[in-house]
Amino acid sequence: MEPLFLQPVFQEKIWGGNQLHTIFGFDIPNEKIGEDWAISGHPHGVSIVENGPYKGWKVSDLWTEHRELFGHAKGDVFPLLTKILDAEDDLSVQVHPDDSYGLEHEGELGKTECWYIINAKPGSEIVYGHNAKTREELAEMIKEERWDDLLRRVPVKKGDFFYVPSGTIHAIGKGIMILETQQSSDTTYRVYDYDRKDDQGNTRELHIQQSIDVTTVPAISPELEVSESKKGKSSVVTYLKTDFFNVYEWDVVGELSLKKTGDYTLVTVIEGYGNLIVNDQSYEMKPGTSCILPAQITEWKVEGEMKIIASTPGE
Ligand code: ZN
């Protein structure tokens, strides 16, 4: 069994830039690329396998027709989505529904997500949570556009990690690149978009009522229990274990031997170069390389000097 290496899927965004080219070396189609959907089974940008016996397959079709690759995991859709985002400009202030609201109103999963900050220009900020004490107060502050009172802003730097459960009002600020691990969903309720217009002079749609419905009030600030285990010069950082996904950083200096901890493993290189070794076969890894390690691959080695974000499905 080979790792399933995946072709990037680029998404143009009003707030996107060119760092997926300048930093990650991708051949991007224009200078407004906001997102690389690195590992996706979502119909709005599905990953295609680029090597081995499944070359040319969509991840969504493998999920349907070759569930054994995923340890016979349950569910109608491949549940995870890994993205690399380049925010040249501010993203809209937004909130995502949970599974029950998402399935009822949008016909898809809700969206709990988390962010590893790949880099951030000095002074960069995110919006993370809000100050309303009741839903009435939330509605009032939105209606009166009291954004400075409502929104909590948090300065960020390279290497920070944020857990963003569904119901959290949030926005990635300009100058920030992140690796996002999220549920496979493309449902975003926009609260505020800075009254921005696109090239045609159109503003993007807002979803005020849905936002008020799904926002967690009062806001909660999840406490992360980050742990690190050293293995020689390398280390494994565990950022998050949730019902949706578990997220790790593999900090590779020299080599790092690993065993599978979930049905299957999602792997994306965010920095550096090296190799992934599976069954004595070596695969080149560089910034942006993404693959799925199917259930049949139970151990592997990474070598070189790399930072990798890996995730496994939640239980
Ligand atoms: Zn979001």
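User: In what order do 6 strands form an open sheet?
Analyst: Keep in mind that this is a predicted model: local features need pLDDT of at least 70, side-chain atom pairs count only at pLDDT 80 or more, and totals for chains, interfaces and linings use all residues. Strands (E, at least two residues) and helices (H or I, at least four) are DSSP runs numbered from the N terminus, and two strands pair if DSSP finds at least two bridges between them. The pairing in this open sheet is antiparallel, and the order is E2-E3-E4-E11-E6-E9.

User: Which are the edge strands?
Analyst: An edge strand here pairs on one side only.

User: What does the twist average from one strand to the next?
Analyst: Axes are lines fitted to C-alpha atoms (for helices over the stretch in contact), and angles run from 0 to 180 degrees between N-to-C directions. On that basis, the strand-to-strand twist averages 20°.

User: Is strand E3 largely enclosed or open, and how many of its residues are buried?
Analyst: E3 also has 5 bridges to strand E4 (residues 80-87), again antiparallel, with Ile39 partnered by Thr82 in E4. Buried means under 20% relative accessible area, exposed over 50% and partly exposed in between, with a 1.4 Å probe and protein chains only. Strand E3 (residues 33-40) is largely enclosed by the rest of the structure because its buried residues number 8 of the 8.

User: What is the bridge partner of Ile84 in E11?
Analyst: E4 and strand E11 (residues 176-183) run antiparallel and are joined by 8 bridges. Within E11, Ile84 is partnered by Leu179.

User: Which residues coordinate the zinc ion?
Analyst: Residues are numbered from 1 along each chain as its sequence is written, and side-chain values use heavy atoms, leaving out hydrogens and water. Donors are N, O and S atoms within 2.8 Å of the metal (3.2 Å for Na, K and Ca), and sites may look incomplete without water. At 2.1 to 2.7 Å, the zinc ion is coordinated by His96 (NE2), Glu113 (OE), Glu113 (OE) and His170 (NE2).

User: How many residues apart are His96 and His170?
Analyst: His96 lies in the loop between strand E5 (93-95) and helix H3 (99-106), whereas His170 is in strand E10 (residues 170-172). The pair links distant parts of the chain, and their separation in residues is 74.

User: What is the relative accessible area of His96?
Analyst: His170 counts as buried at 2% relative accessibility. His96 is buried too, at 2%.
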